[in-house]
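Dear colleague,

Please find below the structure that I am handing over to you, followed by an account of what was found in it.

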Amino acid sequence: MPMLTRRTVAATLAAGLLGARHAAAQSAGTLSFGILTALSGPLAAPGRFQMNGFNLAKDALNEAGGVEVGGRKLMVELKVYDTRGNPAEGASAMQRLTTVDKVPVVLGELSSGVVPAVAPIAEENEVPFIMTVPTGPGLTKQRNPYVFRVNAHNDMLGKALADFVAQRDWKPIAFIAWNNDAGRGGVRGMQAALPQGFPVAYTGYFNVGEVDFSAHITNIRNSGAKAVMLFMDEEPGSLAISQIRAAGLPVQLIGTLAMGSDRFLARLDAQRLNGMVQYNAFPPNAPIPRIQQFSQRYRARFNEEAHGFAAQSYDGLMVAAAAIRAAGSLQGPRIRDALARIEHQGVTGVIKFDAEGQASPPVYVTEWCPDGKRSILYPTELAAGCGAG
């Protein structure tokens, strides 16, 4: 009998533990996916959209008989932990998912600030982590082979919007942004994506919780800017737009993902939003069969317009299930390898990860119409009139 080295023993033990995890899941007849999101705190509203997508995907998989692993169908369940957008709570939840719950894949999170706290734990425990919402560009550049992202990051979103803006005579441009990593990063990314020499008239930052944008409006008026881009979410965005319109500032409004939905329209009205453009990862009314089918299922289940975060999260769980089927195993390294090779048709587009684990879904630019609907302006080959966006 050959002598076993310490490395061989360790590898044998690791394989045994992975096999035990696999066998335990199969014996229970269920396949548990770990979910990190915000169920409470300031990110609870987008967390709800994220969970809606995960739950729709879970139901679709179970209605189809579950996920086949090694010749056996397993019904899907979700192990959900509330991170509240907090890195420490995210790390604690990831540790529990990977070492106590022993899930084969973890998905989700909302905050880009939480990902650096959870990603090393995923790698240490060889459990793939699939992001479905965070947009920080650097999150997939840490050479962590267990981190993947289905959604576009800020640089990709900014590049699409910059290409669109560069075709318009909106010079010079101004920015109002959160005074945090997301806001400052968004401004830097947009400025880098615009053509060299594109004039920037004004850049102003505000702290979370501020509600008065009058100083920024005065500065933009004095700067002569023809357009202003708002790097913020729904609540400050609605306040800023209301104040800009009330001041009669004659500028083209440019928004972000948070400003292109019926939910945002409910905060304002069609008159104040008319003509505003924003980048969009998922125009829910686009005349594209996969989008229409998802949007119909979403509205039937939740009685509201489909949200991009939900679509991205739906795709995340579906691509995780597809990778497990392809791997024929619940072992993390094998699932990771399957994810690296996969090409999956999702509702947001084709999901195929590059060497850094980043997918390249399409990015759209939509415009608010006078009737409160939206049109698609970009990419030009998918352009469609009011009611499509």
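Helix H2 lies across strands E1, E2, E3 and E4, and its direction makes about 165° with that of E3. Helix H3, residues 87-99, also packs on this sheet, where it touches E1, E3, E4 and E5. The direction of H3 is at about 170° to that of E1. Please bear in mind throughout that this is a predicted model.

The sheet itself is open and consists of six strands in the order E2-E3-E1-E4-E5-E6, with mixed pairing. Strands E2 and E6 (147-149) stand at its edges with a single partner strand each, so one side of each has no neighbour in the sheet. From one strand to the next, the twist averages 35°. Within the sheet, E4 (residues 106-108) and E5 (residues 129-131) run parallel and are joined by three bridges. Gly 108 is found opposite Met 131 of E5.

**The seven-stranded sheet**

A second open sheet is made of seven strands, ordered E8-E7-E9-E10-E11-E14-E15, and its pairing is mixed as well. Its edge strands are E8 (200-206) and E15 (374-378), each of which pairs on one side only. Neighbouring strands are turned against each other by 25° on average, direction ignored.

At one end of that order, E7 (residues 173-178) and E8 pair in the parallel sense over six bridges, and Ala 174 has Tyr 202 in E8 as its bridge partner. Helix H6 (residues 181-193) lies across E7, E8 and E9 (227-231), running at about 155° to E7. Helix H7 (residues 214-223) touches E7, E8 and E9 too, and its direction makes about 175° with that of E8.

Val 277 takes part on both sides: it is the bridge partner of Ile 254, and its own partner in E14 is Glu 367. Both faces of E11 are covered, with Val 277 and Tyr 279 buried on one side and Gln 278 and Asn 280 buried on the other.

**The nonpolar core and its aromatic residues**

The largest nonpolar core holds 55 residues, of which Phe 33, Leu 107, Ile 130, Phe 294, Ile 324 and Phe 353 touch the most other members. Among the elements that each supply at least two residues to this core are strands E1 (30-37) and E3 (72-82) and helices H2 (44-63), H11 (289-302) and H13 (332-341). Helix H12 gives the most, with 13 residues. In soluble globular proteins, nonpolar side chains tend to be buried together.

Leaving out residues up to four places away in sequence, Phe 294 touches Leu 56, Phe 282, Ala 306, Ala 310, Ala 311, Tyr 314 and Val 347. Phe 282 and Phe 294 are both buried.

The structure holds eight aromatic pairs. Phe 282 belongs to the loop between E11 and H11, while Phe 294 lies in helix H11, twelve residues apart. Both belong to one aromatic cluster together with Tyr 298, Phe 302 and Tyr 314.

Two arginines are placed over rings. Arg 184 lies over the face of Tyr 205, 3.8 Å from the ring centre, and the charged end of Arg 374 sits over the ring of Trp 368, 5.0 Å from its centre.

**A buried glutamine**

Gln 358 lies in the loop between E13 (350-351) and E14. Is Gln 358 buried or exposed? Its relative accessible area is 3%, so Gln 358 counts as buried, the limit being under 20%. Neighbours within four places in sequence aside, Gln 358 is in contact with Thr 140, Arg 149, Asn 151, Ala 152, His 153, Met 156, Lys 352 and Phe 353. Between Gln 358 and Phe 129 there are 12 Å in space, C-alpha to C-alpha, although the two are 229 residues apart in sequence.

With kind regards

Notes:
Residues numbered from 1 in each chain as written. Predicted model: local features only at pLDDT ≥ 70, side-chain atom pairs only at ≥ 80, totals over all residues. Heavy atoms only, no water. Core = buried A, V, L, I, M, F, W, Y, C linked by side-chain atoms within 4.5 Å. Buried < 20%, exposed > 50% of the residue type's maximum accessible area, 1.4 Å probe, protein only. Helix = DSSP H or I, 4+ residues; strand = E, 2+ residues; numbered from the N terminus. Contact = heavy atoms within 4.5 Å. Pairing = 2+ DSSP bridges. Axes fitted to C-alpha atoms, helices over the stretch in contact; angles between N-to-C directions. Phe/Tyr/Trp six-rings, centres within 6.5 Å; stacked < 30°, edge-to-face > 60°. Lys NZ or Arg CZ within 6 Å of the ring centre and 35° of its normal.
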